[in-house]
Amino acid sequence: RTAVYAKIVQKVGEREYWENWASSVAEVAAAQTERIQKLLDSSPGIREEFDRFVKGLQDNLNPNVTEHDALEMLSQHLITEPVLDALFEGFSFTKHNPVAKAMQGMLDALHGANLDTELAGLDDFYASVRVKVSGLKDATGKQDFLKLLYQRFFSVAMKKASERLGIVYTPTEIVNFILRSVDDILREEFDSSLGAKGVHILDPFVGTGTFIAQLIHSDLISDADLPRKFREELHANEINLLAYYVAAVNIEEAYHSRMGGNYVPFNGVLLTDTFYHCEAGEERNAEGVFEENNAGVEGQKALPITVVVGNPPYSVGQKSADDDNPAVVYPSLRKRIDETYGDRSTASLTKSLYDSYIGAIRWASDRIGERGVIGFVTNGGFIESNSAD
């Protein structure tokens with residue numbers, strides 16, 4: 001009876017199954033990482049190419065990206081590709097997306113390392129994704145499935161990164177409420193709207209892309225305005241490779257399902273660290289590896305952003321030095337918090353002001369300048385706590 005019961009649970013896709021898969025993925029990723037490391041140690045030519053790749057990642061994300069992080073990202077790319085193919089069949093995502101192309105270029109240099117050998121152990125999982133996806137008929141169902149899948153993977157397979165970045169995912173009901181609220185405020189305060197020409201909308205911590213995808217599916221942007229909006233005025237940043245991939249295909253699928261016609265890649269999503277790319281005096285050249293993505297980052301910085309929406313990361317930092325998992329420090333952003341919120345606080349302890357979601361509020365306030373709307377998911381701490389008085 002126990003054996004039959006266990007098999008039934010696995011077959012119907014109970015939560016235990018996804019967590020088992022996440023554990024398997026962690027093992028596959030570790031094996032692939034070890035295999036690439038051995039190849040780097042034995043081949044000077046590949047080592048040189050890889051060093052250039054790591055420098056490109058550091059320029060696009062932040063200088064804290066390590067060689068090990070880069071190895072993990074290559075493994076994530078390999079593991080994720082079949083999932084994306086299953087979710088969005090017929091979309092040539094990896095051929096059009098600039099980051100996916102850069103990742104594939106590095107993997108091509110590793111040709112002969114047999115990196116996909118370990119993926120055979122995930123065949124059952126990939127098959128289960130295809131079965132599950134075949135039953136999803138609407139965009140909301142796909143988004144909910146993506147969030148569940150990604151959350152189950154992320155919390156188990158990449159626990160440290162999840163804790164460091166404070167990854168939290170947002171119910172679509174909250175997303176829709178925030179989007180409609182922002183549109184109401186634009187109309188009331190600025191005689192404008194989310195669909196109006198010149199209103200640039202940015203989700204700086206896009207996660208799996210729910211905010212932008214739901215906006216595309218909504219009636220807040222007309223059919224006439226949407227092509228322009230999609231090409232020119234919707235923007236999204238993500239620091240984690242897997243989330244970036246999922247967000248890109250999610251947003252592209254949302255547009256395709258509403259507008260039909262040929263596949264249109266979404267060039268507004270960037271692999272970057274939102275806080276870092278606005279640090280003062282930081283120069284980036286992406287080492288010729290992520291040039292297209294880097295150009296997008298510089299282009300976005302020059303735009304007048306009217307609306308910032310999203311779910312900011314939640315993380316004060318590691319609980320003790322023993323965690324060996326410190327949060328990234330952003331000197332310019334910290335200085336802005338010090339000279340505004342910190343300077344005006346009456347509390348003796350202000351450590352919580354350096355929580356990343358407080359940093360997001362400070363960053364977004366500076367980003368919209370004198371005119372605009374911020375719509376974030378937050379807790380009540382910045383209203384109720386003594387440190388944020």
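Two strands pair if DSSP finds at least two bridges between them. In this predicted model, strand β4 (residues 305-310) and β5 meet that condition, because they pair in the parallel sense over four bridges. Within this part of the sheet, Val309 stands opposite Gly375 in β5.

**The sheet**

The pair belongs to an open sheet of five strands, ordered β3-β2-β1-β4-β5 and paired in parallel. Its edges are formed by β3 (269-271) and β5 (373-376), each of which pairs on one side only. From one strand to the next, the twist averages 20 degrees. Helix α16 (residues 356-368) packs on the sheet, where it touches β1 (200-203), β4 and β5. The direction of α16 makes about 155 degrees with that of β5. In general, strands of a sheet pair through backbone hydrogen bonds, and the pairing is either parallel or antiparallel.

**The chain as a whole**

The chain has 389 residues, of which 50% count as buried. It contains 17 helices and five strands. Among contacts between residues at least 6 apart in sequence, 79% join residues at least 24 apart.

Thr33 is found in helix α2 (residues 15-42), and Asp183 is found in helix α10 (residues 172-190). Buried means under 20% relative accessible area. Thr33 counts as buried because its relative accessibility is 8%. Asp183 is likewise buried, because its relative accessible area is 3%.

| Residue | Helix | Relative accessible area |
|---|---|---|
| Thr33 | α2 (residues 15-42) | 8% |
| Asp183 | α10 (residues 172-190) | 3% |

Leaving out residues up to four places away in sequence, Thr33 touches His68, Leu71, Glu72 and Ser75. For Asp183, once neighbours within four places in sequence are set aside, the contacts are with Ser193, Leu194 and Leu220.

Notes
Residues are numbered from 1 along each chain as its sequence is written. This is a predicted model: local features need pLDDT of at least 70, side-chain atom pairs count only at pLDDT 80 or more; totals for chains, interfaces and linings use all residues. Side-chain values use heavy atoms; hydrogens and water are left out. Helices (H or I, at least four residues) and strands (E, at least two) are DSSP runs, numbered from the N terminus. Buried means under 20% relative accessible area, exposed over 50%, partly exposed in between (1.4 Å probe, protein chains only). Contact means heavy atoms within 4.5 Å. Axes are lines fitted to C-alpha atoms, for helices over the stretch in contact, and angles run from 0 to 180 degrees between N-to-C directions.
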